[in-house]
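Work through the exercises below with the sequence and the model open beside you, and try each task before you read its solution.

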Amino acid sequence: MTCLWFLSLLAYGLTILEGVNCWIYIYSNTNKTYDDAEKWCHNHNAKLVAIQNKSINGYLNETLPHNPGYYWIGIRKINDKWTWVATNETLKQEDENWATGEPNGKEKNEDCVEIYVKRGKDDGKWNDEKCDNKKVALCYRASCNGSTCSGNGQCNEGFNNYTCECNPGFYGRNCELAVTCPAPSIANGSVACSDPSANVTWGNNCTFTCEEGFVLEGPDTLQCESSGNWTKEQPSCEAVTCSALTPIANGSVTCSNPSVNVTWGTNCTFTCEEGFILKGQDTLQCGSSGNWTEEQPSCEAVTCPAPSIAHGSVNCSDPSVNVTWGTNCTFTCEEGFVLEGQDTLQCGSSGNWSEEQPSCEAVTCPAPSIAHGSVNCSDPSVNVIWGTNCTFTCEEGFVLEGPDTLQCESSGNWTKEQPSCKAVTCPALTPIANGSVTCSHPSANVTWGNNCTFTCEEGFVLKGPDTLHCESSGNWTEEQPSCKAVTCPALTPIANGSVNCSDPSANVTWGTNCTFTCEEGFVLKGQDTLQCESSGNWTKEQPSCKASERPDVNYVYVGIAAISASVLTTAAFFLWLARRLRKKAKKFTPSSSCQSLTTEGSFQHVGRTV
Ligand code: CA
């Protein structure tokens, strides 16, 4: 920096050596004592010159005009030490610029210092002089003032120069320029600085924030340093990424953004293979915080409802607790139960069984029933199940045919064929001789409650009850009766006569003719022939033999009667014989007067020839 110097001669008795932005030198046009020179400087806002470096001595020598009295400068002996009056600092030895032989202190009180200008010897050097001597006051004024360095630095005076020692953050000749940092910027984010002006200057703080879904990488706040650099590298907003999803077993995942790093807003949808079902949310979203909205789901094997069956058991191809897709389960029933439904089911991929689960229904036997009877079962429910015992009983007049108790077997069959109630029958009646029987029910087997009535032919009388009743026990109420031949009372032996009966047996039965004859000399009184009637009475009273008065006549009659009887008997025999022969010729065509037994249990009258 070069100072442009110029000399101004003013009417005020001073001359100013002024440089732009440099030390300003002023000197008086008259000579003054040291004290007056100081005052004069003071009055001109200056001080007796201080020599910052030795080059200034030469400069002043060259620049200032010659004055025989020379110029006072700002060095004075104070407390026996050469001291800069402007700063009250002791003169350093290295700064000393004494003329040859000086300071000699030749005269007393040579306590003030002058500078030789254009002396011709020791030009620009110093000499100690008496302070009362009069010389030109050489003053200087600093060019630095409060605004020299724009208030942003320290102004340093210098010969022919001044410098601004800028405060941190400023630069330029007069520190008029503020240091700026590179404009802060951040993609997907924003910056807020303490000084909102366009250029970010030293000392400003800038805070970086990221948009949603982005996260700051680097420091969030930077300060613009006095060097014009940021304290650290500017941060960046990196897209938020969520943690990589774990590969899902037995399923797959598809994301809206197929890049490796899953960023904010990406949706990932999970699906499961057949036979597996998603547990958890099917779609996850990568949140702006870098977390997934939900926990990752998993594919769980589809399970069907646990198979179970009452009164039976299940056997599955996969014996694990949870029945998974594809497992076959076979159902079987305990004894006495039968499966209703499919015996084998498969667990489908949707978690449903291929068919409705079957059930074990108790085996039932056909409903027991019996006509004319009743059944009493150990289990009174409608359906007769396995193990039930049923006892059959018959109504009165009926008897059980078959087992009285049946058990319902586990096969659903009765242990034996169901019994039946058969009507009770009484024993067949023996055909009654000389009689007949008529029953209320004409069927072959006489059943309970039937009555059979017996009747006898003429000449026979019933011995026993005329009517039998077939009881519910199958027995007749009484023994079967019989037809006994009617007998007439025994004939009293006839006195003086004899009797001759057609039936010589002891008991004279119906139809028997008994003929009475008297001994000679006796005559029969009464009917000679009596017949035993069907009522058991003789046709007439028994005759008697009385002594005869005319026995001859009687004998003749008797003889005639005997012959006649013989003839009649013979004729009757031949007549009978002739009839027999004719019958044979007719191949035994039954005659109306002679019938035989035609139906069992019913008897018709058997003809009897008297
Ligand atoms: Ca001297």
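**Exercise 1. Describe the disulfide between C304 and C347.**

Step 1. The sulfur atoms of C304 and C347 lie 2.1 Å apart, and the two residues form a disulfide, a term that stands for a pair of cysteine sulfur atoms within 2.5 Å. Before going further, note that this is a predicted model, in which local features need pLDDT of at least 70 and side-chain atom pairs count only at pLDDT 80 or more, while totals for chains, interfaces and linings use all residues. Residues are numbered from 1 along each chain as its sequence is written, and side-chain values use heavy atoms, with hydrogens and water left out.

Step 2. The torsion about the S-S bond of C304 and C347 is about 95°, and therefore the disulfide is right-handed.

Step 3. C304 belongs to strand β26 (residues 303–304), whereas C347 sits in the loop between β31 (344–346) and β32 (359–362), so the bond ties together parts that are 43 residues apart in sequence. Strands here are DSSP runs of E with at least two residues, helices are runs of H or I with at least four residues, and both are numbered from the N terminus.

Step 4. Both C304 and C347 are buried, where buried means under 20% relative accessible area, exposed means over 50%, and partly exposed lies in between (1.4 Å probe, protein chains only).

**Exercise 2. Find how many disulfides the structure holds, and work out the handedness of the one between C333 and C360 and of the one between C272 and C299.**

Step 1. The structure holds 22 disulfides. In general, such a link is a covalent bond between the sulfur atoms of two cysteines.

Step 2. In the pair C333 and C360 the sulfur atoms are 1.9 Å apart, and the torsion about the S-S bond is about -95°, so this disulfide is left-handed. C333 lies in strand β29 (residues 328–333) and C360 in strand β32, so the pair connects parts that are 27 residues apart in sequence. With a relative accessibility of 24%, C333 counts as partly exposed, whereas C360, at 8%, is buried.

Step 3. In the pair C272 and C299 the sulfur atoms are 2.0 Å apart, and the torsion of about -90° means that this disulfide, too, is left-handed. C272 is in strand β22 (residues 267–272) and C299 in strand β25 (residues 298–301), so parts that are 27 residues apart in sequence are tied together. C272 is partly exposed, with a relative accessible area of 23%, while C299 is buried at 10%.

**Exercise 3. Identify the protein donors of the calcium ion, and explain why their arrangement is irregular.**

Step 1. The donors are E102 (OE), N104 (OD1), E110 (OE), N127 (OD1), D128 (O) and D128 (OD), at 2.3 to 3.1 Å from the ion. Donors are N, O and S atoms within 2.8 Å of the metal, or 3.2 Å for Na, K and Ca, and sites may look incomplete because water is not among the atoms.

Step 2. Along the sequence, the donor residues follow the spacing E-x1-N-x5-E-x16-N-D. Within this set, E102 in the loop between β6 (81–84) and β7 (112–115) and N127 in strand β8 (residues 126–129) link distant parts of the chain, 25 residues apart. Both E102 and N127 are buried.

Step 3. The 6 donor atoms subtend angles of 64 to 155° around the calcium ion, and therefore the arrangement is irregular. Four donors count as tetrahedral if all angles lie between 85 and 135 degrees; four count as square planar and six as octahedral if opposite donors are over 155 degrees apart and all others between 65 and 115, and anything else is irregular.

**Exercise 4. Locate the salt bridge of E114 and K135, and decide whether each residue is buried or exposed.**

Step 1. The structure holds 6 salt bridges, each being a side-chain nitrogen of Lys or Arg within 4 Å of a carboxyl oxygen of Asp or Glu.

Step 2. The side chains of E114 and K135 meet at 2.4 Å, N to O. E114 lies in strand β7 and K135 in strand β9 (residues 135–141), so the pair ties together parts that are 21 residues apart in sequence.

Step 3. E114 is buried at 2% relative accessibility, and K135 is buried as well, at 5%.
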